[in-house]
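Here are my notes on the model you sent over. Have it open beside you while you read, as the points go residue by residue.

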Amino acid sequence: MKALRWISLLALLVFLNGCGGYSFTGIQTDAKTVQVKYFQNTAPLVEPGIERIFTNKLQEAIQNQTRLSLTSSNGDLVYEGEIVDYRVSPMTSTANFTAAQNRLTITVLVKFTNANKEDENFEKRFSFFQDYEGNAQLTGSKLTEVVDFIFNRITQDIINESLAKW
């Protein structure tokens, strides 16, 4: 009976050791700190305030999905960039030549720097869109809903590219 306990204990220790480096988010990094610099809005069509919203969304996403500590300078990982495009395009039209459906597309240029592994550095554009009814005015809560959806997708793509390597 004692031998069975020791074998069970040994098997448990081997199992736990094997799972030690695994993260349920798929994110493994030797970095300890992350810095998210303020993303400027340089898009030709400027929607006021979305640069602050995006910067906050990226910080929140990183903090929620990693154990990295947010710092204001000298981070092991640094995210910086700008919102380079904010575009509303008609997608379908009605018989009266008005838009039945519009699409908001936002593009963010991100420069990622990993001080510990320079071969992982990149500069890349991330873009996503959301369609909405053509007769809807993209203001107030509707604008907030659409921008939040787009920024959630973009921030997840950035994290996947920089940390999860998917």
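Which residues does I154 touch, not counting residues up to four places away in sequence?

1. Start with I154. Leaving aside residues up to four places away in sequence, I154 touches F54, I106, V108, F126, S127 and F128. Both I154 and F54 are also on the list of residues with the most contacts inside the largest nonpolar core, along with Y79, L104, I106 and F151.

2. About that core: it has 34 residues. At least two of its residues come from each of β1 (33-36), α2, β4 (77-93), β5 (99-114), β6 (122-133) and α3 (140-164). Helix α3 supplies the largest share, nine residues.

3. A word on confidence before going further. This is a predicted model, with an average pLDDT of 86 over the chain and 78% of the residues scoring at least 70. Residues 18-25 are the stretch I'd flag: the pLDDT there is below 50, and beyond near neighbours in sequence the stretch has six contacts in the model.

4. Now the overall layout. The chain has three helices and six strands, and from the N terminus on they run α-β-β-α-β-β-β-β-α. Of the contacts with a separation of 6 or more, 67% are between residues 24 or more positions apart.

5. On burial and surface, 35% of the 166 residues are buried. The chain exposes about 10,400 Å², and carbon and sulfur atoms supply 52% of that area.

6. Helix α2 passes a simple length check.

7. Which residues of α2 are buried? They are I50, E51, F54, T55, K57, L58, Q59, A61 and I62. When you look at that list on the helix, bear in mind that an α-helix has 3.6 residues a turn, so residues three or four places apart point the same way.

8. K57 forms a salt bridge with D148, with the closest N and O atoms 3.6 Å apart. This pair links distant parts of the chain, K57 in helix α2 and D148 in helix α3, 91 residues apart. D148 itself is partly exposed, with a relative accessible area of 23%.

9. How many salt bridges are there in total? The count comes to six, including the K57 pair above. Another one is between D131 and R103, at 2.7 Å from N to O. Here strand β6 holds D131 and strand β5 holds R103, 28 residues apart, so this pair too links distant parts of the chain. At 23% relative accessibility, D131 counts as partly exposed.

10. The last pair I'd point out is K124 with E161, a salt bridge whose closest N and O atoms are 3.2 Å apart. K124 is in strand β6 and E161 in helix α3, 37 residues apart, and the pair links distant parts of the chain. Both count as partly exposed: K124 has a relative accessibility of 33%, and E161 has 30%.

How values were computed: Residues are numbered from 1 along each chain as its sequence is written. This is a predicted model: local features need pLDDT of at least 70, side-chain atom pairs count only at pLDDT 80 or more; totals for chains, interfaces and linings use all residues. Side-chain values use heavy atoms; hydrogens and water are left out. pLDDT is the predictor's confidence in each residue, from 0 to 100. Contact means heavy atoms within 4.5 Å. Helices (H or I, at least four residues) and strands (E, at least two) are DSSP runs, numbered from the N terminus. Buried means under 20% relative accessible area, exposed over 50%, partly exposed in between (1.4 Å probe, protein chains only). Accessible areas come from the Shrake-Rupley method with a 1.4 Å probe; for residues, only the protein chains shown count as cover. A nonpolar core is a set of buried Ala, Val, Leu, Ile, Met, Phe, Trp, Tyr and Cys residues joined through side-chain atoms within 4.5 Å. A salt bridge is a side-chain nitrogen of Lys or Arg within 4 Å of a carboxyl oxygen of Asp or Glu.
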